[in-house]
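Have the model open as you read.

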Amino acid sequence: MKQYGLIGYPLTHSFSKKYFTEKFEQEKIEDHVYDLYEIKNLSDFPELLRANPGLCGLNVTVPHKIGVMFYLDWVHPEAKEVDAVNCIRITSESPIAAAFSGEVGIKDHEFRLEGFNTDVYGFEMSLKPLLGSQHTQALVLGTGGASRAVKYVLNKLNIYTRFASRQQEADHIVYQDLTPEIISKYKLIINTTPLGMAPDTDKCPDIPYGALTSEHLLYDLIYNPAETLFLKKGREQGAVTKNGYEMLLLQAEKSWEIWTSREQNP
């Protein structure tokens, strides 16, 4: 039995478990299972791996996307630059080979852990088809872990990026300082906060929505509900809107591609 799963805390709901369970059934992929592994402390991660020798791949969600990198034997350069991992490939490796791998993960293990960031791929591929010539500057709402991949992609696409947050930070705008003039300047606005996520669907980032126009593109990383209050307010002003569902689909397929790839990394 080949095991896959998701680690994080808390895991109250999971797109990934439903997606991969249905994928295995529909594509008649036998002897494969996807489970949830709720771990509050990453110090329990090595024991989880040893207790489940059939694990071939893991997705990683909050709050472990950064901390899990400490346990990995190899991290993809893109994930290193983002400084976050949300996909781990697990392969067999002898203790001798592990000793000469060049990077230290979990000591005295007979498996190799390789880290990737599929947030980058999912966000970039779902965003690019919507971009127009006016989307040269982006305002990113929130500065948490989810904003790291967003920033990386926007830099890659040569889109100037400014962050808005609740607290004053260097080079960031606080929400109460966002004026209609600022909103009119940034035609691409991305919400990376959990505001508006079910069940708290009556919440949204505090920005002057009246300044939005049909030239604006609003992207919300949230996928439940399908239309957050943030996106609804944008749509009512004529803006183009996009939720995070396609990003999740693309991430999931990218994870599967990584887990089933035979490519050998250094």
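Helices (H or I, at least four residues) and strands (E, at least two) are DSSP runs, numbered from the N terminus. This is a predicted model, where local features need pLDDT of at least 70 and side-chain atom pairs count only at pLDDT 80 or more, while totals for chains, interfaces and linings use all residues. Residues are numbered from 1 along each chain as its sequence is written, and side-chain values use heavy atoms, leaving out hydrogens and water.

**The buried side of helix 1**
- F15, S16, Y19, F20, K23 and F24 are the buried residues of helix 1.
- Viewed down the axis of helix 1, these residues fall within an arc of 145°, so they line one face of the helix (the arc is that of the directions from the helix axis to the C-beta atoms).
- An α-helix has 3.6 residues a turn, so residues three or four places apart point the same way.
- Their cover includes strand 1, strand 2, strand 3 and helix 9 (contact means heavy atoms within 4.5 Å).

**Just past the helix**

- Six strands make an open, mixed sheet in the order 2-1-3-5-6-4 (two strands pair if DSSP finds at least two bridges between them).
- At its edges are strand 2 (32-38) and strand 4 (74-75), each pairing on one side only.
- Strand 5 (residues 87-92) and strand 6 (residues 111-116) are antiparallel partners over six bridges.
- R89 stands opposite E114 in strand 6.

Notes. Buried < 20%, exposed > 50% of the residue type's maximum accessible area, 1.4 Å probe, protein only.
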